[in-house]
Amino acid sequence: MRPDPEGLLPATEPVTLIDSDGAPVTPARAVVPSTPDLVAALGAMITARRFNDQAYALVRQGRLAVYPSSHGQEACQVAAAQVLSDGDWLFPTYRDTAAVVARGVDPGQTLTLLSGEWHHGWDVAAHRVAPLTTPLATQLPHAVGVAHAARLRGEDTVVLALCGDGGTSEGDFHEALNFAAVLHAPVVFLVQNNTFAISVPLSRQTAAPSLAHKGAGYGIPGERVDGNDVAALLAVLGEAVAAARTGGGPRLVEAHTYRMQAHTNADDATRYRDADEVAAWSRRDPVERLRTFLTRRGDVDEARLAAFADDAERMAATLREELATDHRHDPSELFEHVYATPTPQLREQLALLRDEAARDTPAGEASATATTAGGAR
Amino acid sequence: MNEKLTMAQALNRALRDAMAADGTVSVFGEDVGRLGGVFRITDGLTAEFGEARCFDTPLAEAGIVGVAVGMAMNGMRPVVEMQFDAFAYPAFEQITSHVAKMRNRTRGQVALPMVIRVPYAGGIGGVEHHSDSSEAYFAHTPGLHVLTPSDPADAYGLLRAAIASDDPVVFLEPKKLYFGADEVDLDLPVAPIGRAVVRRPGTDATLIAYGPSVPVALDAAAAASAEGRSLQVVDVRSLQPFDDETVCRAVRSTGRAVVVAEAPGFVSVASEIAARVTERCWDALVAPVRRVTGLDIPYPPPKLEHLHLPDVDRVLDAVDDLRWETV
Ligand SMILES: Cc1ncc(C[n+]2csc(CCOP(=O)(O)OP(=O)(O)O)c2C)c(N)n1
């Protein structure tokens, strides 16, 4: 039987459990997560914020080619990782490095794409985290495929796929939702509506009442949540993941949040948004909100907060150290993984590069390195 | 009227002048409005011509190109921006199945005077998907014109010509050349599509290049002249239509040729050029035509891109191989 469209539509107001002053919202419209879950989320968000700050500094030092910041979106990032079990999958975009870190990937490996060392840094299967995707929404059909395969293989795996508000306009987004619904695949789509797609505000992106409404057209329940309230996110996403795991099919969750910094270091956000808007959103800071809530309830004390800050600082120090190293690249890296078996043409080209490198390497230094290739003739 | 402009400014001027001259020219795409495009090529157009003529679209390349097709069918001259090379791929279906074929399918009833601008190719330290050389896909598709300028003056002239063309044009903008400045004579008549140009005279061998590889070829020619060898440099500018006449005249005058392009060489525009030159200039050639291209690999990460891209040394090595001992 076809679902009742009413049941697929989101509530008029996004779910909030903790308001921007850090006070509980009553009556609660969802089950408030447990204290240990919230404390863990706070620790992860403090780390996520520190990670963002450190990455920004690394861009300025020329250690990262580019960094798409998720400062202000830490609640979404952390909740996306925290609601998943070890066997579940996460499909991130370029903006979701903090979610990947929260999932347990080494922060340095998380930044491999952005440092320009290689296109990708971590063990995909071990972490069950797909590579960061840059072409918008193109990862979403993959997420559906992984989820569908899991069901065919008899696993109770759930896939959580991330995308931005702008990405919802791409054809791949719509095809993914439709497939997910038709296949009844265990996928949760989390749209981080951070209000802008580079310079384009949501009003120029869609005329729909909300992005969560888009689910209904495909037969997927849509929900809206305050994206700066990690408690609400954990509740809504947790429920969606549980439903998907027990055969309830896909869900679409729209989180309302804000990107506090420019799109990337290469972007000038002052061209398209004003300081008042940014200031208004800074008063809804997701990290502060939870810190206030938990401190007031006596669930965290100064010592605990200091411990979180220390952990974050240690992570940042390790990250700085990892990225300070200039790696030596062997030309063969370029050819290693183009095909399972290199073609004769690629073997020929590798020989050419080795030859060039050998000519350029001073006598006695046998190894062919990128830093010396293409030097003096 | 001569002005010193960067290629980015020259493109911006071309759009402005075309919009001022023809009310049916309309510019749209991702972030082209208030932001002026991520490379600022459309800077100020919304302010000058209004939201109806230069506007931000939803983020959907297939939609952008598909809507442009419809607008062109109904009397407009749309100029759309694909934000980066690899982000034009979602629109590939529209470009190859419709943009390229509408005139032919309708036996000439429906023309599509539209321009698809694509910032393309590498050398800017961009991460994955920001440095693709996609020219072969487009040049391989009958029905499309494919242009790529290598300096500000050509950027201006060719974009004006592209907008004026009654056929659809894929306009590839080498992004590593966006911010190099040069003198531009804005009063020159619009250059016709389909003409190559000799950028540097020379007598010993001809380097044939286009877009981002033209400066590499010019640098190689300068270096060769220090070594006592005179290299001619031809800038193809228009990949489709291709100017066999200018290219062959140049190759015949030297008897030796090297094609320089940064796209992977296998089944490439460089292959096509080498084959055409061989077929047409066989009697004048003293050595096989050489190609210096990118490697046959997915575009590498920034720290390794220098190993992929043709550089002066590779070009000169290829020139050295042109059987100098036989004459
Ligand atoms: C297919 C495709 N088109 C264009 C781009 C260029 N681009 C990168 S990010 C971006 C805006 C994305 O906005 P949104 O989906 O809201 O995500 P956010 O960056 O805000 O997280 C654009 C247009 C791209 N990466 N992929």
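Trainee: How far does a backbone N or O atom of A:Leu136 lie from a nitrogen atom of the ligand?

Mentor: This is a predicted model, and the distance is computed from it. A polar contact is a pair of N or O atoms within 3.5 Å. The pair formed by a backbone N or O atom of A:Leu136 and a nitrogen atom of the ligand is separated by 3.1 Å.

Trainee: How much of the ligand's accessible area does the protein cover?

Mentor: On its own, the ligand has 580 Å² of accessible area. The space it takes is the largest pocket. Of that accessible area, the protein covers 96%.

Trainee: Between which chains does the ligand lie?

Mentor: There are 21 residues around the ligand. Among those that come nearest are A:Tyr94 and A:Arg95, and also B:Glu61. The ligand lies between chains A and B.

Trainee: How many charged residues are in the shell around the ligand?

Mentor: Sorted by class, the shell has 9 nonpolar and 7 polar residues. The charged residues number 5.

Trainee: How far apart are the end C-alpha atoms of residues 5–180 of chain B?

Mentor: An unreviewed UniProt entry annotates this span as "domain: Transketolase-like pyrimidine-binding". The span is 36% helix and 17% strand. Its end C-alpha atoms are separated by 8 Å.

Note on methods
Residues are numbered from 1 along each chain as its sequence is written. Chains are lettered from A and ligands numbered from 1 in the order in which they are written. This is a predicted model: local features need pLDDT of at least 70, side-chain atom pairs count only at pLDDT 80 or more; totals for chains, interfaces and linings use all residues. Side-chain values use heavy atoms; hydrogens and water are left out. A residue is near a molecule or strand if one of its heavy atoms lies within 4 Å of it. A polar contact is a pair of N or O atoms within 3.5 Å; within protein, one must be able to donate a hydrogen and the other to accept it, and residues adjacent in sequence count only if both atoms are side-chain atoms. Accessible areas come from the Shrake-Rupley method with a 1.4 Å probe; for residues, only the protein chains shown count as cover. On a 1 Å grid over the protein atoms alone, a cavity is a set of points where a 1.4 Å probe fits but cannot get out, and a pocket is an open set with protein on both sides within 12 Å along at least five of seven lines; lining residues have an atom within 4 Å of a point. A molecule sits in a cavity or pocket if more than half of its atoms lie within 2 Å of its grid points. Ala, Val, Leu, Ile, Met, Phe, Trp, Tyr, Cys and Pro count as nonpolar, Asp, Glu, Lys and Arg as charged, and the others, Gly among them, as polar. UniProt positions are given in the numbering used here, feature names are shortened, and annotations may be inferred rather than shown by experiment. Helices (H or I, at least four residues) and strands (E, at least two) are DSSP runs, numbered from the N terminus.
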